[in-house]
Amino acid sequence: MNLIGMLKREVETHSVLQAKWLKERNIKMSFDDLILWLSQEYFVSIGFVDWFLLVAANTRDQKAKIVLVENIWEELGEGKISETHVSILINFLEQLGFDFSKHQILPETKTYLEKMKSVIDLGFYYGLGALGPANEYLLKLEYSQIANAYQQLKKELNLPEGKFFQVNLDADEGHSKRLFDLIEAVCLTDESKKQVMEGNRLALDAREDFYLGLSRLDEGKH
């Protein structure tokens, strides 16, 4: 199996996609579950832009910088503030009646963000593994589960169109391909391949913290 195949397989078979909270919401998601997930994902969306900028700053390869900056530019709505992924998420939460004055980051979400930053700080190739497979490719598989649960919930409640999900799923499709192409182009040594694999694994493990926080709140309710 080639490097890209191995990276994809690592994501597809990782336990984060079998997280208890995620699996249970595939069966039934409540309105409160939706708000909780979106409110924590908001902090991830903010961190996401910073991670790309840091990885781009970690290389002198101009072609790599261009690919990373293109992804960021799209995340940032190509210069339209209302179309940035963070703005779309804020708008979505506001439509759902979320009270931003009570918005708090869960400790586990904070841990996830800190771990992601530490993986990126290890170096350029680690960062590529953390951003490509373990974020853009993972999100496609993860967000689609939440998006499906949202569509089910939408049938029961009068909820807005899920533009947030559509924008992210559409973007991640192109973004993950672009990053896989970049990984293939720049990871030419055994050491760089090893670092990309390691960055991917560490970032996938870190994402589990995100769901541990959501599960902890579940246990607190019972």
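This is a predicted model: local features need pLDDT of at least 70, side-chain atom pairs count only at pLDDT 80 or more; totals for chains, interfaces and linings use all residues.

A: Residues are numbered from 1 along each chain as its sequence is written, and side-chain values use heavy atoms, with hydrogens and water left out.

The structure holds 19 aromatic pairs, where rings of Phe, Tyr and Trp (its six-membered ring) pair if their centres lie within 6.5 Å. In one of them, the ring centres of Y112 and F210 are 6.4 Å apart and the planes meet at 70°, so this pair is edge-to-face (planes over 60 degrees apart; under 30 is stacked, the rest tilted). Y112 belongs to helix α6 (residues 107–121) and F210 to helix α9, so the pair links parts of the chain 98 residues apart; helices here are DSSP runs of H or I with at least four residues. Both Y112 and F210 are buried, meaning under 20% relative accessible area with a 1.4 Å probe, protein chains only. The charged end of R207 sits over the ring of F210, 4.0 Å from its centre, the criterion being CZ of Arg within 6 Å of the ring centre and within 35 degrees of the ring normal.

Turning to the helix packing, α2 (residues 20–27) and α9 (residues 190–221) pack at about 65°, with axes 8 Å apart, the axes being lines fitted to C-alpha atoms over the stretch in contact and angles running from 0 to 180 degrees between N-to-C directions. That makes α2 roughly perpendicular to α9 (65 to 115 degrees). Contact, meaning heavy atoms within 4.5 Å, is made by residues including W21 of α2 and Y211 of α9.

Note on methods
Helices (H or I, at least four residues) and strands (E, at least two) are DSSP runs, numbered from the N terminus. Angles under 35 degrees count as roughly parallel, over 145 as roughly antiparallel, 65 to 115 as roughly perpendicular and the rest as oblique. Buried means under 20% relative accessible area, exposed over 50%, partly exposed in between (1.4 Å probe, protein chains only).
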